[in-house]
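Please examine the model shown here with attention to how its parts are arranged and how its chains meet.

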Amino acid sequence: MSLNYEQVIEKYEPTLGLEVHVELNTKSKMFCGCATEFGAKPNTQTCPVCLGLPGALPVVNKKAIESTILIGLALNCSIAPYSRFARKNYFYPDMPKNFQTSQYDEPICVNGYLDVEIETDEGNKSFKIEIERVHMEEDTGKSLHVGGNTGRIHGADYSLLDYNRAGIPLVEIVTKVIPNTGKYAPQVARAYVAALRDILRGLQVSDVKMEQGSLRCDVNLSLSSIGSGKLGTRSETKNVNSLRSVERAVTGEMIRQASKLEQGERIIQETRHFLEESGQTRPGRSKEQAEDYRYFPEPDLVPVVPESKWIEELRKALPEKPADRRKRLQAAWAVPDKEMAAMVNAELLDTVEQTVLLGADATKARSWWLGEISRIANDRNVFPTDLISVKDVAEIIALISKGELTDKLARQVVEGVIAGEGTPTDVIGKRGLKVVSDDSQLMKSIEAAIAASPETAERVRGGNIPAAGALIGAVMKATGGQADAAKVRELLLKHLGQ
Amino acid sequence: MLIRESASKMAEALANKEVSAVELTNQHFEQIEAVDKDVHAFLYLDKEGAISQAADIDKRRAAGEKLSPLAGIPLALKDVLTQKGVPTTCGSKILAGWRPPYDATVVTKLKSAGVVILGKTNMDEFAMGSSTENSAYGPTHNPWDLSRIPGGSGGGSSAALAAFEAPLAIGTDTGGSIRQPAAVTGTVGVKPTYGGVSRYGLVAFSSSLDQAGPCARTVLDTALLHQVIAGFDPRDSTSINQAVPDVVAAAKKQNVAGMKIGIVKQLSGDGYQKGVENKFNEAISELVKLGAEIVEVSCPNFEYALAAYYLIAPSECSSNLARFDSIRFGLRVGDDGTHGAEEVMNLTRQAGFGREVKRRIILGTYALSSGYYDAYYGSAQKVRTLIKRDFEAAFEKCDVLVSPTAPTTAFKIGEKANDPLAMYLNDIATIPVNMAGIGGMSLPCGLADEDNLPVGFQIMSPAMKDERMYLVGGALEAALLAKWGKPILDFAPKLVGSK
């Protein structure tokens, strides 16, 4: 029988540990000069080094080291004055050398922390997540198993190998044990990965696209009976690939483990795989348990000994922390908490900021991106910036501010740009959407007439429609009698709320 | 025929247009044709490539281009270095048919110096052995006595020199694979300082010990080749970014007066053949006559060098050789639709690797296993540090260290094939140099009284002071030549059919 979440947290205390793998966005691979672009034709971004051909040797990508140090600094780690690469030995067809060049007992960054905040019914709560290590390694190639029912290597008819990914720099960020999260464990796990992602994005060291696998999370979780003081056996759930999945994986594992314990069963230390559809996990191959990686220092590489001067330069170059930046932008834009949170959750903070930097009004930028554009994007299951560029949105907002577009017309322009009809100017031209320029001319004269006779205008606002005659006359005079009196009347009354 | 001349003499003849590079290359192919059926130094001959390279040199020389000193001189390349498009087997079945898509940095340097690469030479499989008997393609025979081993692992390269099939050769030395073959064939071989010559394209046996180096029949020729292949390579992280010592000038200087030469106490006595020790001592007397000062030094940790070596080298090899899995290159066994990928890997490695390679992979896998790492690999690394310290202390007292290169002269083919420990002991005097990453040279110092076979004299110099071994080697070689009246290889019986 399965417990529900409330039953689980009444009896058990979860202990978390999170390992996050980040693909760096360096132009070249970790140990050779091959390109790293995503989606290239299979095996076109390879060379003797990343194919592990006999005789080829690795050379460390300095940019990758720089990125890793930046990550370490942003996570408040100490940077090791001396660290080494090590070989992790195991056989797999998509791993060219049959060892992965990684770091083992001498990682480059150690002992950091990251503060995360979650919203709860009892108000916001902070957790300090301690970071054990940040280290560098190389990615493997990709296998595509063809035939069979499972898509896994066992039972496949044949397998195709693509080594484009082999040797792409990876950074692994490992937390220490995260205790005392209680019922908030799933939320804390999610908030940590989200905060980490924001930091990495701010550092511009990775694309941090979870759906493309450039950020992947492994969740370690164990349960102990409340008050027992004894840690339980942990499971490791691999490759959890979205923020929502992180939260679900923790919840799912808590329920699974608690249900087992309730039945008097033991938890096996094992690797599990997260199932996106059900939110549950399934066991991995039990064979992986017995793996002995025979780590030893990589003799083909020299130790990494970053100069302290360099580290200090990097420290100075660190960008503003995401949490600080959020506070600063919220104040500058005068956004309420709730809407700020909405913007962050929708991952549109950068987009809005870029739009504002192009001259758009902050409130308008926010409402366009989070409103109309997000609505269409959600319908099509894409990200808003996949539909329309920041530049186009800024231009549309500028036209609204100038009075050349009404909100209603602007919606049509957005629709046209998304439909691929060209730039906002193109769409306005093709669809004939522009507010008649006469109108804007007229509006200026109308505003002038109102400014000249505020008492009259007030009377019209108060409901005295015939009083408008004097103002209409003033506008007609100012425009040399060329304006359409009916139009002037219509605009004037509308402007004055009648 | 110029084949018995030194490379320097051949270079003069080329410069004076007494012979063309194509003619010189053809002379060597003729000699190979005549004797290599008996010697079996070569695994592959690249006649077409060599002749076209030689023709190119002739053309450039005719056009008045200034060429490098070794342009047009033929060379034998150990089959452990990649040469683009030319089969590279490492003496193993597992690489049968593999043609690398790239040149090793050493090969790039040879090509740009105009050196003519005749072909690839035989070796113990993946450079594991001291006799070339571990080659999957049959042993190489010592030109001094075809029933004997030419040393190993680079027996093909040194036999090619001794049989006048090439005046220059490239070897690689992980525990003595350049120096011991040189010793037992009466030729010269140098293991440069670790990091002095790029390892890019050298198929790794033990990455922290492997080093490519020059082989020839004279110290000066060896120096000329050293100068061509040495230097910093950004593709090899362990390559040293410093100027190459002027080894050619050192080889020509021939003055050791006042130099301090240290005899390593631990590299003599038990296990060393009497005739080997006699010839070594005679060479020491020559050095004394030349004004060198002889001191005895003690390197107590050398006692553990062999044991530590046989933990470090197999450990690294167990990992380095993991890539030979049939997936991307080389042999593939069992891919018949009935075996999975892992089984194909297993079957290929079972069929493709020879006994000695398997022995070392198993040894290394064991030594690196969790629970054993500290006791084996960890302790071996500590011994390595102690050996380095022994050398450092010794080099405070003297400029170079000397010893016999190998404890015995060439043994019979098959004599030690079933006794790996006896085989390993062959490298007892050469291994410490690799463990410390310093330079070592072997040059002939005479024929042992018991068997009339060549004896090697080893000179060891501190890291990046490679010029010192050339200085001492050049002087000793000249003194011995004067004493013998002719080069040592002229004492060797003539091979059947030799030109």
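The structure is a predicted model.

The interface between chain A and chain B may be considered next. Chain A contributes 34 residues to the contact, and chain B contributes 40 residues. About 2,800 Å² is buried between chain A and chain B, with carbon and sulfur atoms giving 58% of that area. On the side of chain A, three residues stand out: A:P54, A:L57 and A:R294 account for 22% of the area that chain A buries against chain B, more than any other three residues.

Between chain A and chain B, 16 residue pairs are in polar contact, both residues being at pLDDT 80 or more. The count of salt bridges between the two chains is 1. This salt bridge joins A:D300 to B:R199, and the closest N and O atoms are 3.0 Å apart. As for secondary structure, strands β3 (86-89) and β14 (296-297) of chain A each provide at least two residues of the side of chain A that touches chain B. Classified by residue type, that side of chain A comprises 23 nonpolar, 4 polar and 7 charged residues.

Is B:M435 buried or exposed? B:M435 counts as buried because its relative accessibility is 0%, and the cut-off for a buried residue is under 20%. Leaving aside residues up to four places away in sequence, B:M435 touches B:L209, B:A305, B:A308, B:Y309, B:I312, B:R384, B:I387 and B:K388. One of these neighbours, B:L209, is 226 residues from B:M435 in sequence, yet the C-alpha atoms of B:L209 and B:M435 are 6.6 Å apart in space.

Helix α17 of chain A spans residues 485-495, and its buried residues include A:V488, A:L491, A:L492 and A:L493. After α17(A) comes A:G497, a glycine with a positive phi, near 80°.

Conventions: Residues numbered from 1 in each chain as written. Chains lettered and ligands numbered in written order. Predicted model: local features only at pLDDT ≥ 70, side-chain atom pairs only at ≥ 80, totals over all residues. Heavy atoms only, no water. Contact = heavy atoms within 4.5 Å. Buried area = accessible area lost by both parts, 1.4 Å probe. Salt bridge = Lys/Arg side-chain N within 4 Å of Asp/Glu carboxyl O. Polar contact = N/O pair within 3.5 Å; in protein donor to acceptor, adjacent residues only side chain to side chain. Helix = DSSP H or I, 4+ residues; strand = E, 2+ residues; numbered from the N terminus. Nonpolar A, V, L, I, M, F, W, Y, C, P; charged D, E, K, R; others polar. Buried < 20%, exposed > 50% of the residue type's maximum accessible area, 1.4 Å probe, protein only.
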